[in-house]
Amino acid sequence: MTDKTRLYSGMQPSAESLQLGNYIGALLNWKKLQEANDAFFSIVDLHAITVAQDPALLRSNTRRTAAQYIAAGIDPSASTLYVQSHVPAHAELAWLLNTITGFGEASRMTQFKDKSLRHGSDSVTVGLFAYPVLMAADILLYDAKIVPVGEDQRQHVELTRDLAARFNSRFGETFVIPEADIVKETAKIYDLQNPTSKMSKSAESHAGVIWVLDEPSVTAKKIMRAVTDADGGVVFDRENKPGVANLLTIYSVMANRSISSLEDEYAGRGYGDLKKGLAEVVTGTFGPIRERVLELLADPAELDRLLAQNADRAAEVANVTLAKAYDRVGLLPRPRR
């Protein structure tokens, strides 16, 4: 047992490399949170298959995502870092929660509504519809009090809270009611070529996406080609100078410096100097991470052993919660032989 506060968060293995926004928006925060909390971090591969996946690529991306977690500072001996599908209790608890989730409330989830409108109802799956319920199971299995997520996941955490309270009301106290931890000051990172759109793994063009595993020379070239403006002046102005503001935001987070100090340093200098300085900071951070990832991937058996060890640790906690929930709803326990 530990007196530390329990937290849970996860990320999909939806690309061969994480991008800068994932690193700043999730991994940097997780790295800090693991020091003071009992942290459970998952590669949520069951969520990933709610849309079509190439099986071999999914398997590869799952390992690569785990390796990037570790290389970026998530310590599998200090945190519980595991693959979601390695703990069957996730899918099992999700089914229980499906049975107390209203069709209407699931239909109101913004992400599902958006994708249904974009692609048509026949193109989205029941799995995608039930995605927020599986996320609720992820969280509730571990008695997590804190759920560090982005603003776009707030609604899903609210559903998790509603389902936990509903279950507790119907069947007796079973689940901890979690709180979303949405860090207000977390920087929003925009595409280098389209600085009014969020940097994303699903961007149509990768020219404006900084990948953690890119060669340093590729990263530097993308930064040097970033869209700015013709006005000159290194000044943070999100509305009128979105490209420059984006570069300053990235620089500020990666160098752990205030934007005002960067404005002072580059006052009277051109955008080329700003970009060169930023490229040095980003490649200086991601270069060692990339090298460590490649080391981890070169020994997949050791990486798999680490993940299995952590999955065992996660399952010890998850199975206790699942057994309690099964008992509460009246499922007949399996006789021991």
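1. Lining of the largest cavity. Helix 13 supplies three residues, the largest share of the lining of the largest cavity. Helix 10 (216–224) and helix 13 (271–298) each contribute at least two lining residues. The lining is made up of Trp 211, Val 212, Asp 214, Glu 215, Pro 216, Thr 219, Thr 283, Phe 286 and Gly 287. Helices here are DSSP runs of H or I with at least four residues, strands are E runs of at least two, and both are numbered from the N terminus.

2. Basis of the values. The model is predicted, so local features need pLDDT of at least 70 and side-chain atom pairs count only at pLDDT 80 or more, while totals for chains, interfaces and linings use all residues. Residues are numbered from 1 along each chain as its sequence is written, and side-chain values use heavy atoms, with hydrogens and water left out.

3. Cavity volume. The search of the whole structure finds one cavity of 30 Å³ or more. The largest cavity has a volume of about 30 Å³. A cavity is a set of points on a 1 Å grid, over the protein atoms alone, where a 1.4 Å probe fits but cannot get out; lining residues have an atom within 4 Å of a point. Grid points are joined across faces, edges and corners, and the volume is the space filled by probe spheres set on the points.

4. Arg 290 and Glu 215. Glu 215, one of the lining residues, also takes part in a salt bridge with Arg 290 (3.2 Å, N to O). The pair links distant parts of the chain: Arg 290 is in helix 13, Glu 215 is in the loop between strand 5 (179–181) and helix 10, and they are 75 residues apart. Arg 290 counts as buried at 19% relative accessibility. Glu 215 counts as partly exposed at 41%. Buried means under 20% relative accessible area, exposed means over 50%, and partly exposed is in between (1.4 Å probe, protein chains only).

5. Salt bridges overall. The whole structure has 12 salt bridges. The criterion is a side-chain nitrogen of Lys or Arg within 4 Å of a carboxyl oxygen of Asp or Glu.

6. Asp 38 and Arg 6. Their side chains meet in a salt bridge (2.6 Å, N to O). Asp 38 sits in strand 2 (residues 37–43) and Arg 6 in strand 1 (residues 5–11), 32 residues apart, and the pair links distant parts of the chain. Asp 38 is buried, with a relative accessible area of 15%. Arg 6 is buried too, at 17%.

7. Arg 63 and Asp 304. This salt bridge has an N to O distance of 2.7 Å. Arg 63 lies in helix 3 (residues 55–71) and Asp 304 in helix 14 (residues 300–329), so the pair ties together parts that are 241 residues apart in sequence. Arg 63 is partly exposed, with a relative accessible area of 29%. Asp 304 is partly exposed as well, at 30%.

8. Asp 45. This residue is found in helix 2 (residues 45–48). Asp 45 is buried yet has no salt bridge; the nearest side chain of opposite charge, Arg 59, is 8.7 Å away. For charge, Lys and Arg count as positive, Asp and Glu as negative, and His and the chain ends are not counted. The Asp 45 side chain does make a polar contact with the side chain of Ser 85 (2.5 Å). A polar contact is a pair of N or O atoms within 3.5 Å; within protein, one must be able to donate a hydrogen and the other to accept it, and residues adjacent in sequence count only if both atoms are side-chain atoms. Neighbours within four places in sequence aside, Asp 45 is in contact with Pro 13, Thr 62, Val 83, Gln 84 and Ser 85. Contact means heavy atoms within 4.5 Å.

9. Asn 246. Asn 246 is placed in helix 11. Its relative accessibility is 1%, so Asn 246 counts as buried. Not counting residues up to four places away in sequence, Asn 246 touches Lys 188, Ile 189, Tyr 190, Asp 191, Leu 192 and Arg 238.

10. Positive phi. Asp 143 is not a glycine, yet has a positive phi of about 55 degrees. Asp 143 is found in the loop between helix 8 (131–140) and strand 4 (146–148). Asn 256, also not a glycine, has a positive phi of about 55 degrees. Asn 256 is found in the loop between helix 11 (242–255) and helix 12 (259–265). Asp 143 is partly exposed at 26% relative accessible area, whereas Asn 256 counts as exposed at 71%.

How values were computed. 1 Å grid on protein atoms, 1.4 Å probe; cavity = no way out; pocket = protein on both sides within 12 Å on 5 of 7 lines; lining within 4 Å.
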